[in-house]
Amino acid sequence: MSAFTPSSWRRGAWIGSLLCLLPACAGISYEHRRVEQPPAERAMAMLQVGTTDLQSCLDTMGAPMMVRKDEQGDGMELLWLWEETSAWGFFISIPTGSDYSPSLNWADRERHPQFLRLFFSGDGKLLRLSRG
Amino acid sequence: MRFPAFLLLPILLLAAPSCYLGQATVDAPLDGAAIAQLEVGQSTANDVTRLLGAPNQVVELGTGSAWLYQAQNGKQMGIWLLVFGAFGQDTRSDRCWVFFNEAGTLTHVGTTLDADHAEYHLAGS
């Protein structure tokens, strides 16, 4: 007995037609987003408050995203930022043929950028660090 | 009745009405060879400008300054299969920070050349 009977063809044609019409009206999406790479864990483990100097930090960690003057002293703050997010979502749109068509978009996107902040003294010694 | 094989191609084409690859860059990639010519304790701000051009950013520090050279590369990929879409984006940068003392002499250099490593991907690959 064949798997493709006339009735299954008709059913398949209906489902196929509906699916072909749906993309303009509804859909499910998955997105993945990466912004920059985290510094190597081994490099971060080598950081030692009071010992690590600015040049050895730059050599092992690479260039930070941001440098600014430390407002609490004569030193500076270096910041690394990176982010990796994934999100599922869906949209529904109802074409009305008029100027205004209702639509709904939703995604469970939550942004959680990660960071590493290093504070150096004026003479280039690592004073403190924070990570989150 | 067997499924006619010649219908496979049009069905596959219908199932993939949209897919794309995109790339967006900001500024030209940094020149690693030019950066390698910088000499801590020897190079001056003029030397840095001659080798790398005008910086993207200048930060005044307590007793000197830091200049940023940066270029960004973002790659996007997406595919839409009937009612399911998958999208991926990867953004990476070239960055070089150069630090000067009050006299304008180069004291520190930090470089990351990662812009070329941006990848087309869909989901966590």
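User: In this predicted model, does A:F115 count as buried, partly exposed or exposed, and on what count of C-beta neighbours?

Analyst: A residue is buried if 20 or more other C-beta atoms lie within 10 Å of its own, and exposed if 12 or fewer do. A:F115 has 15 C-beta neighbours inside 10 Å, so A:F115 counts as partly exposed.

User: Where in chain A does A:F115 lie, and which residues does A:F115 touch, not counting residues up to four places away in sequence?

Analyst: A:F115 lies in strand β5 of chain A. With residues up to four places away in sequence left out, A:F115 touches A:L79, A:W80, A:L81, A:R131 and A:G132.

User: Which residue is the bridge partner of A:L81 in β5(A), and in which sense do β3(A) and β5(A) run?

Analyst: The strands β3(A) and β5(A) are joined by 7 bridges. In β5(A), A:L81 has A:F115 as its bridge partner. The sense in which β3(A) and β5(A) run is antiparallel.

User: Which residues of α3(A) are buried, and within what arc do they fall?

Analyst: The buried residues of α3(A) are A:L54, A:C57, A:L58 and A:M61. Seen down the axis of α3(A), these residues line one face of the helix, because they fall within an arc of 95 degrees.

User: How many helices and strands does chain B have, and in what order do the elements run?

Analyst: Chain B has 3 helices and 5 strands. From the N terminus on, their order is α-β-α-α-β-β-β-β.

User: Why is chain B described as more spread out than a compact globule?

Analyst: Along its principal axes, the C-alpha trace of chain B spans about 85 × 25 × 20 Å. Of its 125 residues, 25% count as buried. The globule rule gives 14 Å for 125 residues, and chain B is more spread out than a compact globule because its radius of gyration is well over that, at 23 Å.

User: How many residues of chain B are in contact with chain A, and which strand supplies the largest share of that side?

Analyst: The contact involves 37 residues of chain B and 33 residues of chain A. On the side of chain B that touches chain A, β2 (57-60), β3 (64-81), β4 (84-101) and β5 (106-113) each supply at least two residues. This side divides into 18 nonpolar, 13 polar and 6 charged residues. The largest share, 13 residues, comes from β4(B).

User: In which sense do β1 of chain A and β4(B) pair, and what is the bridge partner of A:R33?

Analyst: Strand β1 (residues 26-35) of chain A and β4(B) pair over 8 bridges, and the sense is parallel. In β4(B), the bridge partner of A:R33 is B:Q89.

User: How many residues does the largest nonpolar core have, and which element gives the largest share?

Analyst: The largest nonpolar core has 29 residues, and those with the most contacts inside it are B:A66, B:C96, B:W97 and B:V98. Two or more residues of this core come from each of α3 (54-61), β3 (76-93) and β5 (114-120) of chain A and β3, β4 and β5 of chain B. Not counting residues up to four places away in sequence, B:V98 touches B:L38, B:V48, B:A66, B:W67, B:L106 and B:V109. The largest share of the core, 5 residues, comes from β4(B).

Conventions:
Residues numbered from 1 in each chain as written. Chains lettered and ligands numbered in written order. Predicted model: local features only at pLDDT ≥ 70, side-chain atom pairs only at ≥ 80, totals over all residues. Contact = placed C-beta atoms within 7 Å. Nonpolar A, V, L, I, M, F, W, Y, C, P; charged D, E, K, R; others polar. Pairing = 2+ DSSP bridges. Core = buried A, V, L, I, M, F, W, Y, C linked by C-beta atoms within 7 Å. Arc of directions from axis to C-beta. Rg over C-alpha atoms; globule rule 2.2 N^0.38 Å.
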